[in-house]
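Student: Hey, can we go through this protein together? I'd like to start with one residue and then zoom out.

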Amino acid sequence: MNVSKDSRDSLRINIPLEEALKIGKLLGSQYDAVALCRDGHRSSHMIEQAMIAGIISTGGNVYLAGEAPAPAMPFTRSGCDCYVSIAADEPEQIGGIIIHNPDGSYFDESQIHSLMSKEVRIYYPEYSGLGQTHKAYGLIGRYEDALMKFVKKCNCQVVMDGTYTMPTSVASRMLINNDSDIIIVNRSGITSIKTIDEYYYYDIIHTMESYAGSIAVALNNDGSRIVAFDEERRRINNHVLGAMFAEELSPSQVTAPIDVSLAVDDALGPGGIVVKIERNIKHVVDHMVANKSGFGMDSYGRFVFTDLSYSPDGIAALLKLGEMSEEEKLCDRVDRIPEYPRLKERILTTASEEEFMNALLMEISGVDYDSMIRMGAIRLEFDNGWILLDVNCAEQYVDVTCESRDKAYVVGLMDIGKNIVNSAIRELD
């Protein structure tokens, strides 16, 4: 899957220490109060110290949350100008940072550009003008209070992966407060481990066999993502999870990536709108802020509940699943929400992107489709399905993905998609 590139992503992985120090200086020179949180990865401690030094050196004040789940940070304190979450999404690499507004939304690209453009005008005050560090007291308590209001009751049995200590401890405490029974596996505390994408789930599934009727979850390093299993030990597809939340919450509008499943449209019903945008959670949140969307998701287990904040929140997703499982078994909900047939094929091309896109659009003009969405990729919508054309000429391929409510129809859509791409390639030969 070709996730849409975003200039903000360059700060998230393998950030040089000098860059973290520089960004700290820029934040300290432009904002009075900056909060910091981090995950348990050893590189995150190093980045945190560089950020502290930079912010203080240019007059900013730092509010330290220490190791805390990223979704808790919007509850830091009133008057905090922004906050920075420090985490390592790739366990074997140095981590990076994400800069947020107080409501949990990401600094947008214009804010990042404005921040970085001030580098040549950094002012270093005398001793009396240096910033100070403060402890960010009470944020976990305020976050937990908000979660208690968000979820009515979730009296269920949950098997949890305990690899990441802080998000697991907050989530388990909330579940216990809601009369749930918790079984935690993998209490490792190791800071260099597999991501949830690579997670083999053996321990969780094996443990579920001993606790009949339980659901199971794994949270990622900063608590922003979730992997979930129903009572029959089946991993729940992320698009099906999104459809389950959309059905439960009934928002008037859902913001989702361009490859979102038809199941989410079906869950909302005729009165709801699914807005499809680029496959990057930052773009999802940007759109939600601009359009007051009530619920957002990506394809990787991140869900945004605006009743809490604009921060992706795996802990809130877990508690909501617990509440839903008390009302109706998750396995019954999964069976009721279809996982529609989806096909994907890759076609190689050596064409330049501009030439190929022109040829592709020419071929598309001859196709009888209902609507076209261009958000990084091209999605052609039909009465009973869709085609996604994902062009990556830098890597010399085009991915054709199709989904339909009907198995035979999806095969026909794939034939149409491949014909569009192959005809564009022949046109350029």
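This is a predicted model: local features need pLDDT of at least 70, side-chain atom pairs count only at pLDDT 80 or more; totals for chains, interfaces and linings use all residues.

Student: Okay, so is Met 148 buried, exposed or partly exposed?

Tutor: Met 148 is partly exposed, because its relative accessibility is 36% and that class lies between 20% and 50%.

Student: And which residues does Met 148 touch, apart from its neighbours within four places in sequence?

Tutor: Setting those neighbours aside, Met 148 is in contact with Met 174, Asn 177 and Asn 178. Take Asn 178: it is 30 residues from Met 148 in sequence, and their C-alpha atoms are 8.4 Å apart in space.

Student: Let's switch to Arg 333. Where is it?

Tutor: Arg 333 is in helix H11, residues 330-336.

Student: How does Arg 333 count, buried or exposed?

Tutor: Buried. Arg 333 has a relative accessibility of 4%, and buried means under 20%.

Student: So what's around Arg 333, leaving out neighbours within four places in sequence?

Tutor: Its contacts are Met 244, Glu 247, Glu 248, Met 324, Glu 327 and Glu 328. With Glu 327 there's also a polar contact between the side chains, at 3.3 Å.

Student: How far is Arg 333 from Ala 243?

Tutor: In sequence they're 90 residues apart, while in space the C-alpha to C-alpha distance is 9.9 Å.

Student: What about Glu 381, where does that one lie?

Tutor: Glu 381 belongs to strand E16, residues 377-382. It counts as buried because its relative accessibility is 18%, and the cut-off is under 20%.

Student: Which side chain does Glu 381 have a polar contact with?

Tutor: That of Arg 379, at 2.9 Å. Leaving aside neighbours within four places in sequence, Glu 381 also has contacts that include Lys 276, Tyr 369 and Trp 386.

Student: Okay, zooming out. How many helices and strands are there?

Tutor: The protein has 13 helices and 18 strands. Its C-alpha atoms fill a box of roughly 70 × 55 × 40 Å along the principal axes.

Student: What radius of gyration would a compact globule have with 429 residues?

Tutor: It would be near 22 Å, and the protein has 23 Å, so the two agree. Buried residues make up 57% of the 429 residues.

Student: How much of the contacts comes from residues 24 or more positions apart?

Tutor: They account for 69% of the contacts with a separation of 6 or more.

Student: Last one: how many positive and negative side chains are there?

Tutor: There are 40 positive and 64 negative ones, and the centres of the two sets lie 4 Å apart. As for surface, the protein exposes about 18300 Å², with carbon and sulfur atoms supplying 48% of it.

Terms used:
Residues are numbered from 1 along each chain as its sequence is written. Side-chain values use heavy atoms; hydrogens and water are left out. Helices (H or I, at least four residues) and strands (E, at least two) are DSSP runs, numbered from the N terminus. The radius of gyration is taken over C-alpha atoms; the globule rule is 2.2 Å times the number of residues to the power 0.38. Buried means under 20% relative accessible area, exposed over 50%, partly exposed in between (1.4 Å probe, protein chains only). Contact means heavy atoms within 4.5 Å. Accessible areas come from the Shrake-Rupley method with a 1.4 Å probe; for residues, only the protein chains shown count as cover. Lys and Arg count as positive and Asp and Glu as negative; His and the chain ends are not counted. The place of a charge is taken as NZ of Lys, CZ of Arg, CG of Asp or CD of Glu. A polar contact is a pair of N or O atoms within 3.5 Å; within protein, one must be able to donate a hydrogen and the other to accept it, and residues adjacent in sequence count only if both atoms are side-chain atoms.
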